[in-house]
Amino acid sequence: MPAGGASPVRIQPFSVAVDAAVIGDLRARIRSTRLPEAAPGEPWAQGTDRDWLEELLGYWADGFDWRAAERELNRFAHYRAQIGDTVVHFVHERARHGRGIPLILGHGWPSCFTELLPLVPLLTDPAGHGIDGPAFDVVIPSLPGYGFSPRPAAAGGVTYRYVATLWHEFMRGLGYDRYGAGGGDFGAGIATFMALDNPRPLIGLHLTNLELTPFTGPGSRPLSAAEQAYLEQAWRWDQTERGYTAIQSTKPQTLGYALNDSPAGLAAWILEKWRSWSDCRGDLESRFSRDFLLTVVTLYWVTSTITSSMRDYYDNRRWQGEPRLGPDDIVRVPTAVAVFPHTLIPESEPPREWAERLYDIHRWTVMPCGGHFAPAEEPELLARDIAAFFATVDR
């Protein structure tokens, strides 16, 4: 259980405001970066390309306007909630007209709440954006240990299950008895455990990836040909792309010293994943502006949360076994999945029957484009799918 149990949730307004000395120190560190030699062979084949990073660092130090980024972030309604001993930063925007469907949306790693902000105007005012469907009260919390949400010292670790319980308490504290949940990456895993452990308040789940592996042990039906092909491709992907998981789930502290001390290292570690996992065809800045990307990285830097964010991998591996689901772990809450074609494993979309091992699938949409960071890549496609799904569920 989250620290504090059923304690009242106390909420205060919050604004993003970073001390000038912190930004000055950041720029000084960037300017004194000592870059390694370029890797031989194809650019990006061994990780973040040196020439690309060097140019980005120059812009970060002398061109990126953090104060403008702050003003843009503060256009949204920010708060901090005290839930027992745990503090959670969140954005809360209500439907522009009428009563909105409460919807909590979660991000993952190496992302933050800013990934989900493009959805806010589309979901709070769908009619004003040509979207047919209900309006929403949108709640976007920063995961514990990310950005302005400190990581609590939780007995048993800050796992999917821990945060799922915390989110239920949080939504009750906001005054919502019934609500939807969704998101991608860790956000999808947390929403799933919200449904597994306490389904009663949930009207539906909307996921942008299948974060958890369903039970396939004794008594389960045999794998289909499509499922076998998907798992084989996932295994091949693991051989070349899973190094980050290995270190972050075993020795996050050791890596954290380097990333917390070097802006160049932090940007290289985070943005290589944004390039690999997005539908950018190798050109990251064709999908995201430099200012957007550097806002994400700067938030990690100024809050000193890269190490605490990586502990998600350690805690889930240690306390939940990554986690492993059993034969009785079935989500009974109506679920929609928006399948974006470049979500980690670009050569193989998950087959619907794989998702149906775990979820009660009511809507399955294969998108024409987009990747792991779908809310920032294709916000209109995603918002339309969310609205279409929740228009059909029993509220």
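## Cavities

The structure holds four cavities of 30 Å³ or more, and keep in mind that what you're looking at is a predicted model. The largest cavity takes in about 130 Å³ of space. Its lining is made up of 19 residues, and those closest to the centre are Glu115, Gly183, Gly184, Thr208 and Pro375.

Which elements give two or more residues to that lining? Strand E4 (101–106) and helix H15 (379–390) do.

## Strand E5 and its partners

E4 turns up again in the pairing of strand E5: the two run parallel, joined over four bridges. Within that pairing, Ile104 has Val139 of E5 as its bridge partner. Strand E3 (residues 86–93) also pairs with E5, this time in the antiparallel sense and again over four bridges. Here Glu93 sits opposite Val138 of E5.

E5 itself covers residues 136–141, and six of its six residues are buried. In a regular strand, side chains alternate between the two faces of the sheet. For E5, both faces are covered: Phe136, Val138 and Ile140 are buried on one side, and Asp137, Val139 and Pro141 are buried on the other.

## Helix H5

Just after H5, Gly175 takes a positive phi of about 95 degrees.

Why call H5 largely enclosed by the rest of the structure? Because 10 of its 14 residues are buried. The buried set in H5 consists of Tyr160, Tyr162, Val163, Ala164, Leu166, Trp167, His168, Glu169, Phe170 and Met171.

## Leu35 in its loop

Now for a single residue. Leu35 is found in the loop that links helix H1 (20–31) to helix H2 (50–62). Is Leu35 buried or partly exposed? With a relative accessible area of 22%, Leu35 counts as partly exposed, because buried means under 20%.

Which residues does Leu35 touch, once neighbours within four places in sequence are left aside? Leu35 is in contact with Arg50, Leu53, Glu54 and Leu57. Arg50 lies 15 residues from Leu35 along the chain, and their C-alpha atoms are separated by 7.7 Å.

Conventions
Residues are numbered from 1 along each chain as its sequence is written. This is a predicted model: local features need pLDDT of at least 70, side-chain atom pairs count only at pLDDT 80 or more; totals for chains, interfaces and linings use all residues. Side-chain values use heavy atoms; hydrogens and water are left out. Buried means under 20% relative accessible area, exposed over 50%, partly exposed in between (1.4 Å probe, protein chains only). Contact means heavy atoms within 4.5 Å. On a 1 Å grid over the protein atoms alone, a cavity is a set of points where a 1.4 Å probe fits but cannot get out, and a pocket is an open set with protein on both sides within 12 Å along at least five of seven lines; lining residues have an atom within 4 Å of a point. Grid points are joined across faces, edges and corners, and a volume is the space filled by probe spheres set on the points. Two strands pair if DSSP finds at least two bridges between them.
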